[in-house]
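Colleague: I have a new model open and would like to learn how to read it feature by feature. Could you walk me through it?

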Amino acid sequence: MAAKKPHINIVFIGHVDHGKSTSVGRLLYDSGNVDEQAMRKLKEKAESLGKRGFEFAFIMDNLKEEQERGVTIDLAHKRFDTPKYYFTIIDAPGHKDFIKNMITGASQADVGVLVVAANDGINAQTREHVFLSKTLGVNQIIIAINKMDMPGVDFSEQRFNKVKEEVSTLLRSVGYKPDQIPFIPTAALIGENIVKKQTKMPWYKGKTLLETFDDIKEPEKPVDKPLRLPIQDVYNITGIGVVPVGRVETGILKIGDKVVAMPGREGKGVPGECKTIEMHHEQLQEALPGDNIGFNVRGFGKKDIARGDVVSHADKPATVVSEFTAQIVVLNHPSVITVGYTPVFHIHTAQVACQVTKIEKKLNPATGETLAENPDFIKNGDTAIIHIKPIQPLVIERQKDIPQMSRFAVRDSGTTVAAGMCIDLVKK
Ligand SMILES: Nc1nc2c(ncn2[C@@H]2O[C@H](COP(=O)(O)OP(=O)(O)OP(=O)(O)O)[C@@H](O)[C@H]2O)c(=O)[nH]1
Ligand SMILES: [Mg+2]
């Protein structure tokens, strides 16, 4: 049997309509993963819905509402193989109403492909997605400057360079290193530089999107850390029973393991024993960090567990907190943040309202030096240490213990207000 290829999760992100789903669809079609007949059917469907040109997007956008509206709403996952890697491609929505799904997708990913339409350049969700990706631990990123065929762009190198320059500044501002990042001019709709080399941009000598996938560095797998598997969804499957799904963040889950889901419905943990594990319809004996799995646990009832609970080993249960201390960066708040503020925190797969109970100090983000003790408020651009009280039981871990489980985004009335990480906590 061939040696097992490393598994990498890759998320497509970027502003609404910039061509994420079309790029994924092209990638799958041009690499022979979608047959002709299926493609013809999708084309007919797109035409009958008055959505001509969306046929490649429909490969990923399966929901009726997605196809009728021509927007991605929920995450779609697809397996994709290269000789070197085994990928799960995650197509995220760009529309601002569905950012919470994008956050889930980014929190599952090792690598991001940022799609920016050449005719439109950087937009609100280009910025927000770049910021969230960095915050949520997407450490490698590839840039596709798409729609190079649009009138006004006309495959121009000059336009490509201008957008590249703007995107580089944005990447730098959140801590990515643009000089180490591939920028690819693409036209996904007609298939330029996705799998097939460009035919209309002779000035471009670089790689196709697919070729850059082989330059991805295999992410380190935190197998030595305790098992942390945040539940993303819980299904009830006839003949099998309750099947939670989620991505292993750290540690290893093996069949037969004694596990506990924290906090669980009652807040005290739900114990069980792992019976089956599967990924992309294949049975596994064990799941490693990065694996997106469905699994079955004797002891888990449908009502006992929910999205946001974290499966861990019974002897090293995930930490449920009554309070925690965080370092945050304020990104986009309409006024100021003060004690008492209670927005929604997105932490792994959990979405929990949390209250700011204390603003301990304001920091210089570059040096870490204290700028002010106990300030009355913090505002956009500030870095601060704050104390937070979740309104309901929540699993979070300290950055220095399990960084994968320490990061969060703060959302309020449709925007990402801040992001940060847990640096200390009080166990419940
Ligand atoms: N001309 C041109 N149109 C494109 C290209 N890529 C995508 N489009 C069109 O742009 C529209 C949006 O494409 P999608 O792939 O659905 O965009 P998306 O980024 O997935 O959108 P959301 O998921 O809703 O955020 C469709 O009409 C596509 O046909 C391209 O390279 N060139
Ligand atoms: Mg889409």
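**Reading the model**

Modeller: A residue is called buried if 20 or more other C-beta atoms lie within 10 Å of its own, exposed if 12 or fewer do, and partly exposed in between, with C-beta atoms placed from the backbone. Keep in mind that this is a predicted model, in which local features need pLDDT of at least 70 and side-chain atom pairs count only at pLDDT 80 or more, while totals for chains, interfaces and linings use all residues. Residues are numbered from 1 along each chain as its sequence is written, and chains are lettered from A and ligands numbered from 1 in the order in which they are written.

Colleague: How many helices and strands does the protein chain have?

Modeller: Helices (H or I, at least four residues) and strands (E, at least two) are DSSP runs, numbered from the N terminus. Here there are eight helices and 23 strands. The radius of gyration is 22 Å, close to the 22 Å that the globule rule gives for 428 residues, so the protein chain is as compact as a globular protein of that length. That radius is taken over C-alpha atoms, and the rule is 2.2 Å times the number of residues to the power 0.38. Along the principal axes, the C-alpha atoms fill a box of roughly 60 × 55 × 40 Å.

Colleague: Into which domains is the protein chain divided?

Modeller: Domain bounds come from an automatic or database domain assignment. In this case they give domain 1 (2-213), domain 2 (229-313) and domain 3 (320-427). The centres of domain 1 and domain 2, taken over C-alpha atoms, are separated by 30 Å. Their contact takes eight residues from domain 1 and six residues from domain 2, where two residues are in contact if their C-beta atoms, placed from the backbone, lie within 7 Å. On the domain 1 side, β1 (7-13), β2 (76-81) and α5 (99-108) each give two or more residues.

Colleague: What is that side of domain 1 like by class?

Modeller: The classes are nonpolar (Ala, Val, Leu, Ile, Met, Phe, Trp, Tyr, Cys and Pro), charged (Asp, Glu, Lys and Arg) and polar (the others, Gly among them). The side of domain 1 that touches domain 2 has no nonpolar, six polar and two charged residues.

Colleague: Where does the nonpolar core come in?

Modeller: In soluble globular proteins, nonpolar side chains tend to be buried together. A nonpolar core is a set of buried Ala, Val, Leu, Ile, Met, Phe, Trp, Tyr and Cys residues joined through C-beta atoms within 7 Å. The largest one here has 115 residues, and Ala106, Ile143 and Ile145 have the most contacts inside it. Strand β16 (residues 320-330) gives the most to this core, with seven residues. Ala106 touches residues including Val11, Ile13, Leu132 and Val138, leaving aside those up to four places away in sequence. Ala106 is also among the buried residues of α5, a helix with eight of its 10 residues buried.

Colleague: Which residues come nearest to ligand 1?

Modeller: A residue is near a molecule if its C-beta atom, placed from the backbone, lies within 6 Å of it. Of the 24 residues around ligand 1, Gly19, Thr22, Gly53, Thr72 and Gly94 come nearest. Helix α1 (residues 20-30) supplies the largest share of this shell, three residues. By class, the shell holds 10 nonpolar, 10 polar and four charged residues.

Colleague: Are Asp17 and Asn374 buried or exposed?

Modeller: Asp17, in the loop between β1 and α1, is buried, with 20 other C-beta atoms within 10 Å. Asn374, in the loop between β19 (370-373) and β20 (383-390), counts as exposed, with 10 C-beta neighbours inside 10 Å.
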